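Please open the model in a viewer and keep the selection panel at hand. The stops below proceed from a single residue to strand pairs and a sheet.

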Amino acid sequence: MTTTAQDQASQQQAAHAANQLFLAYARTTYDVQQLGTIATGSAGGPTAQVVWNTVVPVAPCWCDEIIVVCQVPYQVTLPAGSTVTVSPFFPYNLFGHNLLLGGSPPFATPVSGTPFYLDEITSWQAYDPIHVLQDANLANVQDQGPAPLPFQTGNANIVPGGTYNNTATVSVNVSGTAQVHYRIRARRRRKGMWGYIPLGDPENRPILNMFLNPFVGNHPEDNPFQDVAAAGITAVTTGTTNVYVTWRAKQLDITPPGLATIPQPTVGLGLAIDTNNGLAIANAGQIVQVEKRAAMIYEKMFHLLVNDEQTIEADYYGLWTTGQQQSAREEFDKVQNNFQNYYIKMHYVYQRWFAKGLYFSDLVSGEIPQLPAETLYKGLMSPDVGYAAMVGVAPTPAMYNAIRIPSGTAISGAYVRSYDLGLVTVPY
């Protein structure tokens, strides 16, 4: 081993030891909190910004997740004879987020709460905020199930993934208060420091910009309500919207006996989110390739298949390592009569059904509640040579997820929206 290699190995060992000491003695604190509000009468959009009562303080601690709790009083106005379609991701898609860190933005493009909700429910087995009723195709979302994340739509007529029809001859108002709770999981490994965000650096103060997404729109992943027939459905807030954010952090404020100095942990890798903002699908029956070229270590790749403003089932889904079907690491094809295996596999691994139109490749097996110290990795991938070397895998520079809408389907503004969660190097 050369001197340079020895030095690098020594530095890595020292960093690992410091991280383990910090995690062994650091206490968890919940005192880094913010309250944000949006005034009444808002229909949502980039200008509907959450106004925080205070900035994130400079504190000597490391944030591992951001807990978001929202209360949104709303009213939907339906003209006579109109029907509103409720997004299957409501109310988690109510807000857009933009987290900024000096020198290393995990995601600088506004992203809705949908990918964070999806990341959370695919990180623990049998941990399901929306229990899915099994239907003939093993893919539908209907009701709340056991041990859900706290959420309420505020009105019995507003069911995620459902529709509400105004059969009256006059317009009607459907009101409620949506309450939702989800987390932005920055920490990516229970036993390590990957993903932690420093709160003690005044030049790297994190800023979470949030805004209320437009209530009515064409995109179920971003808009709570779809007016498919363009009947003039509108929605606004009917009171003050409250957003409570907790920066859940660890800090080492008292040095334990035998520890001369407080260890300085090193994160090294932080959370990144890459999205394609909706890749258009021109033809049914044709496999669409969604390229994965970001310079990061891929963990999870979510794909939402949408047609005519609603989520739709695919009949092919695969993960290709070289851009060719023959190189598929996994594939599920209705033509080969094995597409149902996708749903069987998902239920076997996660012990639940997922929302209609959602297909994803999970390159980690998830946390195990019975063994909270374990995080089992099963094939992280990266198209970047450097990142691939960091986790000891071969690079996959021509990696794609492939998806297909069944032949004969009437295409109307069809697209596949992807959210890729991964790890990138960070300067802390």
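Select Arg27 first: setting aside residues up to four places away in sequence, it touches Ala249, Lys250, Gln251 and Asp253, where contact means heavy atoms within 4.5 Å. The model is predicted, so local features need pLDDT of at least 70 and side-chain atom pairs count only at pLDDT 80 or more, while totals for chains, interfaces and linings use all residues. Residues are numbered from 1 along each chain as its sequence is written, and side-chain values use heavy atoms, with hydrogens and water left out.

Arg27 belongs to strand S1 (residues 27–29); strands (E, at least two residues) are DSSP runs numbered from the N terminus. Because its relative accessibility is 38%, Arg27 counts as partly exposed, the class between buried (under 20% relative accessible area) and exposed (over 50%), with a 1.4 Å probe and protein chains only.

Next, select strand S14 (residues 234–237). Strand S4 (residues 62–78) runs antiparallel to S14, joined by 4 bridges; strands pair if DSSP finds at least two bridges between them. Thr77 has Thr234 as its bridge partner in S14.

Finally, display the open sheet of 4 strands, S18-S26-S21-S22 in order, with antiparallel pairing. Strands S18 (288–292) and S22 (328–333) stand at the edges with a single partner strand each, so one side of each has no neighbour in the sheet. Within this sheet, 5 bridges join S21 (residues 316–320) to S22, and Gly318 stands opposite Glu331 in S22.
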